[in-house]
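Trainee: Please pick one part of this model and take me through it closely, then show me how the rest of the chain is arranged around it.

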Amino acid sequence: MKFEKNQKIENKVPTSSMADIAFLLLIFFMVTTIFKMEDGLPVTLPRVETAQKQKREKIMNIWIDGGGNISINDKITQVSQIEDILLTMLSERPDLIVAFMADDRAPYGVVSDVMEELKDANAIRVSFTSDPKSVGAPRRRQ
């Protein structure tokens, strides 16, 4: 009597623990990888030794409130009038400094339009100022 062999030998790779191994490799690479943050350009900002207070006549104040209203030296104006006002004031005083102050809720489109008008009028001495008391302290929204 001849017996037949019912055992077949299969060539299989056990994959039941393959997901565990892949997960452990993923954790290993995440832990050992060094993430380098962007350093940016090395910039050394100047420090003020002594500040000179400018005369009021040399400064022109431009204010933009939260509603987008523009005021130049306490006179309400429109964006289209800014260049003409700047050109006349710069012709009278070439050493004029423009102090530009905008509310943090001011529409950025209006701020951008005013900055374009400053460029068109060739106002090169512009100071973007802020309230030093409010820096670092966020304002409460109502």
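Mentor: A residue is called buried here when its relative accessible area is under 20%, and exposed when that area is over 50%. Keep in mind that the model is predicted.

The part to look at is helix H2, residues 79–92. Its 14 residues, at 1.5 Å a residue, should span 20 Å, and the C-alpha atoms at its ends lie 21 Å apart, which agrees. Which residues of H2 are buried? They are Ile82, Leu86 and Leu90. Viewed down the axis of H2, these buried residues fall within an arc of 50°, so they line one face of the helix. The face of H2 turned away from that buried side carries exposed residues, namely Ser80, Asp84, Ser91 and Glu92.

Next comes the cover. The buried residues of H2 are covered by elements that include the strands E1 (59–64), E2 (70–72), E3 (75–77) and E4 (97–102), together with helix H3 (108–120).

Those strands belong to an open sheet of five strands, ordered E3-E2-E1-E4-E5, and its pairing is mixed. At the edges are E3 and E5 (126–128), each of which pairs on one side only. On average, and with direction ignored, neighbouring strands of the sheet are turned by 25° against each other. Helix H3 packs on this sheet as well, where H3 touches E1, E2, E4 and E5, and the direction of H3 makes about 170° with that of E4.

E1 pairs with E4 in the parallel sense over six bridges, and here Trp63 stands opposite Met101 of E4. E1 also pairs with E2, in the antiparallel sense and over three bridges; the bridge partner of Trp63 in E2 is Ser71. E1 and E2 form a hairpin with five residues between them, and Gly68 in the turn has a positive phi of about 90°.

The loop between E2 and E3 holds Asn73 and Asp74. Asn73 has a phi near 50°, a positive value in a residue other than glycine. Asp74 is not a glycine either, yet its phi is positive at about 65°. As for accessibility, Asn73 counts as partly exposed at 31%, while Asp74 is exposed, with a relative accessible area of 72%.

Last, the chain as a whole. It has three helices and five strands, and from the N terminus on they run α-β-β-β-α-β-α-β. Of its 142 residues, 18% count as buried. Among contacts with a separation of 6 or more, 70% are between residues 24 or more positions apart. The accessible surface of the chain comes to about 13000 Å², and carbon and sulfur atoms account for 56% of that.

How values were computed. Residues numbered from 1 in each chain as written. Predicted model: local features only at pLDDT ≥ 70, side-chain atom pairs only at ≥ 80, totals over all residues. Heavy atoms only, no water. Helix = DSSP H or I, 4+ residues; strand = E, 2+ residues; numbered from the N terminus. Expected span 1.5 Å × (residues − 1). Buried < 20%, exposed > 50% of the residue type's maximum accessible area, 1.4 Å probe, protein only. Arc of directions from axis to C-beta. Contact = heavy atoms within 4.5 Å. Pairing = 2+ DSSP bridges. Axes fitted to C-alpha atoms, helices over the stretch in contact; angles between N-to-C directions. Areas by Shrake-Rupley, 256 points an atom, 1.4 Å probe, with all protein chains shown as cover.
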